[in-house]
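Subject: Structure for your review

Dear colleague,

Please find the structure below, followed by a summary of what was found in it. I would be grateful if you read the two side by side.

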There are 2 protein chains.
Amino acid sequence: MELTGNVLIAQGGGPTAVINQTLAGIVQEARKFPQCTRIYGALHGVEGIVNEDFLDLTQETSHNLEQVAMTPSAALRSSRVKPDTAYCQAMFRVMQAHNIRYFFYIGGNDSAATVRIISEEAQEADYRFRAIHVPKTIDNDLLESDHTPGYGSAARFVAQAFMGINLDVRALRGVYLGVVMGRDAGFLTAASSIAQKYPGDGPHLIYLPERPFALDEFLGDVKSIYECCGCCIIAVSEGIRNAAGEMIGPQLMRHVDRDAHGNVTLSGSGALGDALADEIRRRLGIKRVRADTFGYLQRSFFGCVSDVDQHEAREVGERAVQFAVWGGCDGAVAIKRTGEYSVDYRLVPLAAVAGRARSMPDEFINAEGNHVTDAFRYYVRPLLGSGLKSPAMLRAPRVPRILHAE
Amino acid sequence: MELTGNVLIAQGGGPTAVINQTLAGIVQEARKFPQCTRIYGALHGVEGIVNEDFLDLTQETSHNLEQVAMTPSAALRSSRVKPDTAYCQAMFRVMQAHNIRYFFYIGGNDSAATVRIISEEAQEADYRFRAIHVPKTIDNDLLESDHTPGYGSAARFVAQAFMGINLDVRALRGVYLGVVMGRDAGFLTAASSIAQKYPGDGPHLIYLPERPFALDEFLGDVKSIYECCGCCIIAVSEGIRNAAGEMIGPQLMRHVDRDAHGNVTLSGSGALGDALADEIRRRLGIKRVRADTFGYLQRSFFGCVSDVDQHEAREVGERAVQFAVWGGCDGAVAIKRTGEYSVDYRLVPLAAVAGRARSMPDEFINAEGNHVTDAFRYYVRPLLGSGLKSPAMLRAPRVPRILHAE
C-alpha cells in the first residue's frame, strides 16, 4: 500500500556550501511523486519542528529554488540543539499532527541520531512513516560514506587559500600558521596539501587531530624547515590534542563556549594560532610569524564551490526521496566510490552512522605524523571538482652580478 | 635622442591578487620597444637591487609569463625594507653598473617615495634614466588615483566572504565580527557592504579607521541590532582607533611586531576580534559570538579576482612603459575614472603620491560613523568586476500551526 502524506525537510548543524543543493534535490524530486502531498521545510532544524515553524515549500518557485541551491549555508536555517527522547517525542507529535509521512533530515552524525530516535518512535506508535538521514558535513567524518557532501567545497577553499598563502609567504618570507576547522577529523586540514605544486611549496607541515601534538617536536619541525627554505607554512587542525588526548585550543582561549552537544566551540577565536605563533617567536627567535584562523570563511564563502560536491549534494537529496518512496525501510544515504572517479548511493542503517565519527585512516598520514601521504592526495583530488587553477612561478635565469661578482 | 638600455622591474610591499598582471604588462610592453635591450626583475624588491639579485626576464617565455600573470602574490617576491638615501644611492650604483635606463617599481606610497629618491639621484648624477612608480595596494589609499590595482580583487573577496557569513550567521543566529585589513583607510572593510541584498542582511555595522571607535557606542549599536534582528554581523577595520587617535588593535595584542616602516603589524593575529567578541559576551550577555580575522586570505586567495582589476593592473604596467619610453619625465601612473564605468591613465608627479595616504572621503561614510553610504556602493560596485553571484533566500509562506495554533 502506498504511503501518501506530507514531506518534512530540515537542515541541522553547521552550514556548508552545498547543503541547499540537497534541499533543492529533495524538493524537486518529491514534486514528481503524487504520494508527496505537500512539502514543508522546518525553520532552524529540530527547533522549527517542535515549534511548528514550517515553510510551505510546495509554494516555492522552481526558479528561486534553483537560485537557493547555488547559495551556500542553510536556507532553512539550522540548529545546534541535540534532542533527547522527550524532545524527539514532541517533534513526533507535531509530525503526526501535520500528517508528515516522509521526513528528511540533512545533517551530520548527531542529526542521524535524531532521525534514529524519531524512526523508533514511529515504529512504536505504529505510525506509517519514512525517516531518512541525508549526509552533510565539511568535516567528512561520517561512517559508511567515502566522503560527505560539503567536504569537497570546503576542501577546495582550504586548498585555494594555501595556494595563495604559499605565494604570499614566499614573497615576504617568515612563518605562517593557518588554523583549519576539524575537531576530531583532519580531512579538511589535510586538503591544504593540494596547494603544493613546485618543490619547496607549502604547507610544509600539517598537524591533524589523529596524531598527538607535542610542542617541542612541532618547534623542531618548524626550525628545520625554516632553516632550509627561509619560510615555513603550516596547516593546523583546530582540534589538535596532546598525548593525553586533551585539546590544545581550549587551554589557550579566554572564553570557552560549549554547544548543546557539549563540544567546545573552537572556531570564532584566534587563540590557538596566536599562541603557537608566540611560541615560535619566543623559542625559535623568528621575527616574522603570522597566524590566521580560517574560521567561518571556509564553510560559507560565496563563490568557491566544487562542482563534483554540488552534483553529489544534489543527488543525495534526489536519492533520499527515491529510497523513501520506493524502499521499505528508514536509513541514512551514504556515498560509495565506485571508480576513479565515479560514485553511487546506498541506504545504510541509521545505527551505522548515528552519533559515530570517522577519522583519517592511517594510510593518509605520514609516518612522522606531520603531513599527508600520496594516498590521501589521490583520494581528495577528485572531490575538489573541476577548473581548479594552478599557480605559476617565474623560471627566468639569474643575471650575473657585476658589482658583487662572486 | 632615444634612451636605450636595460629595464629593471621590482615589486614592493604587500602582495595582491593582480600585481603579477602589472609585471606581465611591463615585460610584454617593453618587449615591443627596441630601446629596451634586456628586461630584468629584482628579487625581493629593493633588497634584490642592492644585492644585484636579478632574474633575466628577457628569457622568460611569454606563455609562462601569462600563467604568472594569473597567479596572485608577487612573483618577483617583495620586501618591507624602507630605503633611506644611502640605501637608494647603493641601489642607483647597481642600476648604473647594469646600464638600467628604465626602472619600474610596482608598489604603494612608500615605494613611490623610493622611486622619487632614485629619480633625484639620477638627475643629480646627470644619468639619463626614467623611473616610474606603478600603483598597487589592496588598501586603495594612493592619492591621485580613483582607485588602485589590487583593491578590486581584495574588495571582491571581502564582499563574497560577508555574503557567505551573512547566510551562516542567519542560519545559526548570534553575533559575528569580521576583522578586515586596512590600517589607515577603510575602503576594504567598506566593501563588505556589497553583501547586503535582502532586508535584514549584514553587515549591519561597519567600523572604519576614519571615525573614532568608542566601545560603549559600539556595544549600544550591537545591542539594538541584535534585539531587532536576532543576529548582528559586523565588519571592523584592523586599524580602528579611539578618540585620541590610538589604534585599538595593538593595545590588545600579546606581541607587538613592527615592520621597517615603523608600522605595527596588525594582521596575523586574532587579538582585536577576540577582544571585541569578549566585550560583547561579557557586557551584553549574548552567548553565541564569533570573530574571524580575515588576515592574509583576503589579499592572496587563489581564484577570487575581479576581471576589472585584472585588466587595469595589466594596463598600468603597459602604460608605465609607454610613459617611460615616449614621455619626457619620471612620475607615477594614476588611474582616472572617466565614465560609469571607464578609466584612463595619467602620469602624475612622484611627489603627489610618495609617502602620502588617502582616506575614505566623508561622503562615503554615514552620519553615525558606523556604515557606508550609497555613494560608496556606487563607487565600489564596478571595481568588483563581472560575474559576482548573488545569494538567494527562500520566499515560501509559513504553514499554519496546528498544535500551537495562535
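Two strands are said to pair if DSSP finds at least two bridges between them. Helices (H or I, at least four residues) and strands (E, at least two) are DSSP runs, numbered from the N terminus. By this rule, β1(A) and β4(A) pair in the parallel sense over six bridges. Within β4(A), I106(A) is the bridge partner of Q11(A).

Please note that this is a predicted model, in which local features need pLDDT of at least 70 and side-chain atom pairs count only at pLDDT 80 or more, while totals for chains, interfaces and linings use all residues. Residues are numbered from 1 along each chain as its sequence is written, and chains are lettered from A and ligands numbered from 1 in the order in which they are written.

The sheet of chain A

Strand β1 (residues 5-11) of chain A also pairs with strand β2 (residues 36-42) of chain A, in the parallel sense and over four bridges. There, G5(A) stands opposite C36(A). Six of the seven residues of β1(A) are buried (20 or more other C-beta atoms within 10 Å of the residue's own; exposed means 12 or fewer, partly exposed in between, with C-beta atoms placed from the backbone).

These strands belong to an open sheet of seven strands with mixed pairing, in the order β3-β2-β1-β4-β5-β10-β11 (chain A). β3 and β11 (342-348) of chain A stand at the edges with a single partner strand each, so one side of each has no neighbour in the sheet. Direction ignored, neighbouring strands of this sheet are turned by 30° against each other on average.

Helix α1 (residues 19-30) of chain A packs on the sheet and touches β1, β2, β4 (100-107) and β5 (130-135) of chain A. Its direction makes about 175° with that of β1(A); axes are lines fitted to C-alpha atoms, for helices over the stretch in contact, and angles run from 0 to 180 degrees between N-to-C directions. Contact between two residues requires that their C-beta atoms, placed from the backbone, lie within 7 Å. Helix α5 (residues 109-124) of chain A lies across β4, β5 and β10 (331-339) of chain A, at about 175° to β5(A).

The two chains together

How many residues of chain A are in contact with chain B? The number is 74, and they meet 74 residues of chain B. The largest share of the chain A side, 10 residues, comes from α6(A). By class, that side has 34 nonpolar, 21 polar and 19 charged residues (Ala, Val, Leu, Ile, Met, Phe, Trp, Tyr, Cys and Pro count as nonpolar, Asp, Glu, Lys and Arg as charged, and the others, Gly among them, as polar).

Chain B

Helix α1 (residues 19-30) of chain B and helix α12 (residues 307-326) of chain B pack at an angle of about 35°, their axes 7 Å apart. By class, this contact has nine nonpolar, six polar and four charged residues.

Finally, S237(B) lies in strand β8 (residues 231-237) of chain B. S237(B) is buried because 30 other C-beta atoms lie within 10 Å. Leaving aside neighbours within four places in sequence, S237(B) is in contact with residues including V180(B), Y207(B) and P209(B).

With kind regards
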